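Let's walk through this structure together, one region at a time. Keep the sequence at hand as you turn the view.

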Amino acid sequence: MDNVKDSEISKRTVFVTVGTTCFDALVRAVESKEVKDGLLRRGYTHLFIQMGRGTHTPTKSVGGDGSLSVDYFNFSSSIADHLRSASLVISHAGSGSIFETLQFAKPLIVVVNEDLMDNHQSELAEELADRKHLFCAHPQTLHQIIASMDMESLLPYHPGDATPVVEYINRFLGFPDA
């Protein structure tokens, strides 16, 4: 800790990811005054947005004057470093982004993209929210979730063991036990 600057200690970053899709509704939502004010009230200082194929370009700002610092990028070969350094993650409902974030044990708000047809992603997000592993929102309710979220209510996610299922399938198919 001695080598860490005070500014780094007090830096609390919200990382937003939309994956490889276009989810302008999420980018617009995190840029809204209500969401930014809610994040500031909760002590967050930086907003870093991965905007994917979106056409809405966020407005960059330096922050420090009672406002959030905002920056963005389109794509990255890996978001692991961004997830690791985040204090809070706001993500689209893609299973890869959800489970990678939960693996890092980061508080997570999943925002469902209502524009997707046959939105099976919402089922996953809602089930994990019911199990208290994350918070689930829609673009228009994101500010309300931020205002009301209780981080202490979140439970760690522990991935299941697929070994019994694999063994059952192998026996069913007549493969010898490993």
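What volume does the largest pocket have? The largest pocket has a volume of about 220 Å³. On a 1 Å grid over the protein atoms alone, a pocket is an open set of points where a 1.4 Å probe fits, with protein on both sides within 12 Å along at least five of seven lines, and lining residues have an atom within 4 Å of a point. The volume is the space filled by probe spheres set on the points, which are joined across faces, edges and corners.

Before going on, please note that this is a predicted model, in which local features need pLDDT of at least 70 and side-chain atom pairs count only at pLDDT 80 or more, while totals for chains, interfaces and linings use all residues. Residues are numbered from 1 along each chain as its sequence is written, and side-chain values use heavy atoms, leaving out hydrogens and water.

Back at the pocket, 13 residues line it, and Lys11, Thr13, His46, Phe48 and Ser85 are the closest to its centre. Strands S1, S2 and S3 (69-73) and helix H4 (80-85) each give two or more residues to this lining; helices (H or I, at least four residues) and strands (E, at least two) are DSSP runs, numbered from the N terminus.

The largest nonpolar core holds 27 residues, of which Leu26, Val30, Leu39, Leu47, Ile90, Ile109 and Leu142 touch the most other members. Such a core is a set of buried Ala, Val, Leu, Ile, Met, Phe, Trp, Tyr and Cys residues joined through side-chain atoms within 4.5 Å, where buried means under 20% relative accessible area and exposed over 50%, with a 1.4 Å probe and protein chains only. H2 (24-31) supplies four residues, the largest share of this core. Leaving aside neighbours within four places in sequence, leucine 47 is in contact (heavy atoms within 4.5 Å) with residues including Val14, Val30, Leu39 and Leu68.

Helix H5 (residues 95-103) has Ser97, Ile98, Thr101 and Leu102 buried. Seen down the axis of H5, its buried residues fall within an arc of 125 degrees (taken from the directions from the helix axis to the C-beta atoms), so they line one face of the helix. They pack against S1, H4, S4, S5 and helix H6 (120-130). After H5 comes alanine 105, with a positive phi near 55 degrees.

Finally, find aspartate 65 in the loop between S2 and S3. Aspartate 65 is exposed, with a relative accessible area of 62%.
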